[in-house]
Amino acid sequence: MSILPVRLDAITGAEPVSDGEITGEPSVWHRWRHSPSAVVGSVISAAVIVVAIVSVVWTPYNPLAINMAATFAGPSAQHLLGTDQYGRDVLSRLMSGTDATLYAGVVSVLGAAAIGIPAGLYAAQRGGLPGQLVLRLADLVYAFPALLVAVVLATDFGGSTLTVMGAVALAFVPVFARVTRSGALGVLSLDYVSAARACGVSRTRILRRHVLPNIAPLLITQMTLLLSVAVLADAALTYLGLGAPPPGASWGLMLEEAQRYMGTDPLLVVWPAVTIALCVLGFNLLGDGLRDVFDPRRRDR
Amino acid sequence: MTLAAASVIVFVVLAILPGKPAEVILGTQATPSAVRALTDKLGLDKPIWRQYVDWVGGIVSGHLGTSYISGQPIASELGSALEVTGPLVGLGLLVGLVVAVPLGVFSAVRSRRASGVAASVLNQIGIAVPSFVLGILLIVVVGVELHLLPTGGFTGWSDPTGALRSLVLPAVALGVVEGAIVGRYVRTAVLDVLSSDYLRTARAKGLTPGRALVRHGLRNVAVPVLTVLGLELAGLVVGAVIIENVFTLPGMGTLLLQSVENRDLIVVEDIVLLVAAVVLVVNFAVDILYHSLDPRIARER
């Protein structure tokens, strides 16, 4: 029942990472250069991250500064992307939104990983009833898409960045649990793990020394792909009013406001739309590219 | 089983709300006695487990309860909302298929040529643009600039042409994005089939590439694609919630967010459970379908 974009079967029997390069295998750097997804994806992702960092210390204007004398100004030398209905600088708001979106995305992905990965390892290691229980629980959580969780959280606590992060993180937990479990099962069935177990190595040590390093590429790829989903979810939930309330600068909010004024200035819709798409595209490509780099057997498929 | 657990979670999480529904309904001016009378009338003074039993009993026997706000039976409100959401999801699925199959097959068959790469790039961009962003862009271009189709509202099915016309743009916005996601799976599946031995045999006995693919390949492609499509159905239902808000369609999603705003708990509970149930049932059906379509999987386990 896997809808995960990762081909889990590909990692079973994967060579141990600690072995380094096997003779005749092209290096990671070589594979990276020859994967268009990886190259384009890292360039876009790097640009997004740089913009987010820069916006913390500097934006062309204060993203919240209202200037009623210059509303709906088109793109010009002063305002590269123009101004919105309150005369706020669109570029500055987009930049500050990048920061907010990335922060929310990274926190929710890491939060989900912190719960999902141990849960998946546990399910793989234990098997039997406890393992099944974890899996059923993951299925149950999986039945609640991030949107529903956000709706419930917003009914309880009102919309906020925390609502969005909590909802997205919760929705990602079962994804991590499943990917980790399938990956770990593959590694646990390998001969050298059996050998280690026969030598009396403890369960936790096997997980830490053998399983985690081997599934790390898989998990990093998954994190990157989920980051793009998080960006998307963040924009959608904020647009629906379940996220941070105005006047903060976030992409979803900018779209919601721009839609109300699209008769006056349709360009206001275009900027955040393009930004969201570019950001999602970047992380998506990076995730695909990482998969190419980490798992060369999947190339050309 | 999972569904029962889901209903408990939905209920408990929503029942421990900070705001008391009666106070929200009556506003800040309400006298304490009026609040008490309404709480009594809504049955909110009963213990939580009793409220839960009443609610679930009602759902099982087809009585979804009465909206706290409008006083209307929820079943009829939900019914008229589903008249919009149902066709929207159906049309979205149709658009998704129309996008996914040709796009995926084309980019796989031409994967080593410029046109195939271009199709893949287009596909990636399609995945990166969230459906609600595409919806807003469609409103701007088709609705505001070209005045071709209605951009919001719904006339009702008494005027079938008008109703269909107002569903066209939302369905396209919903379907294109889901179609792009499924298209990637179609591409992978077709590439798998193209490199298979039986297709080479088919070519060797003199079939043209096109005929070989149609007669021997597509049936094998259908297995993974059908399952992904089933899972995407859940995505479509969630996507419809967002899209309805973009196009102000009086469907389930609009009802859900309105109820969140009004603290109309029982409506939120019903809709959240309904969507979760749809996701669970679809996942289950896909699991069964997967096994019956591809006997190899049953044998592997």
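**Salt bridges and the chain interface**

A:Arg260 is exposed, with a relative accessible area of 55%. The model is predicted. A:Arg260 pairs with A:Glu256 in a salt bridge, and their closest N and O atoms are 3.0 Å apart. The two residues are 4 apart in helix α9 of chain A, so about one helical turn separates them. A:Glu256 is partly exposed, at 24% relative accessibility.

Helix α9 of chain A, residues 251-260, also holds A:Gln259. A:Gln259 counts as buried because its relative accessibility is 14%, under the 20% cut-off.

Now the interface as a whole. On chain B, 48 residues are in contact with 43 residues of chain A. The two chains bury about 3900 Å² between them, with 76% of it on carbon and sulfur atoms. B:Ala128, B:Phe132 and B:Ile136 supply 13% of the area that chain B buries against chain A, more than any other three residues.

The rule finds 3 residue pairs in polar contact across the interface, both residues at pLDDT 80 or more. On the chain B side, the elements giving two or more residues include α1 (2-15), α6 (114-128), α7 (131-145) and α8 (160-194). α12(B) gives the most, with 9 residues. By type, the chain B side divides into 37 nonpolar, 4 polar and 7 charged residues.

The count between chain B and chain A is 1 salt bridge. A:Asp288 forms it with B:Arg184, and the closest N and O atoms are 2.9 Å apart. A:Asp288 is buried, at 8% relative accessibility. B:Arg184 is partly exposed, with a relative accessible area of 24%. A:Asp288, A:Arg291 and B:Arg184 are linked in a network of salt bridges.

Over all chains the structure holds 5 salt bridges. One of them lies within chain B: B:Asp197 with B:Arg200, the closest N and O atoms being 3.1 Å apart. These residues are 3 apart in helix α9 of chain B (residues 197-204), so about one helical turn separates them. B:Arg200 is exposed, with a relative accessible area of 59%.

Key. Residues are numbered from 1 along each chain as its sequence is written. Chains are lettered from A and ligands numbered from 1 in the order in which they are written. This is a predicted model: local features need pLDDT of at least 70, side-chain atom pairs count only at pLDDT 80 or more; totals for chains, interfaces and linings use all residues. Side-chain values use heavy atoms; hydrogens and water are left out. Contact means heavy atoms within 4.5 Å. Buried area is the accessible area (1.4 Å probe) that two parts lose on being put together, summed over both. A salt bridge is a side-chain nitrogen of Lys or Arg within 4 Å of a carboxyl oxygen of Asp or Glu. A polar contact is a pair of N or O atoms within 3.5 Å; within protein, one must be able to donate a hydrogen and the other to accept it, and residues adjacent in sequence count only if both atoms are side-chain atoms. Ala, Val, Leu, Ile, Met, Phe, Trp, Tyr, Cys and Pro count as nonpolar, Asp, Glu, Lys and Arg as charged, and the others, Gly among them, as polar. Buried means under 20% relative accessible area, exposed over 50%, partly exposed in between (1.4 Å probe, protein chains only).
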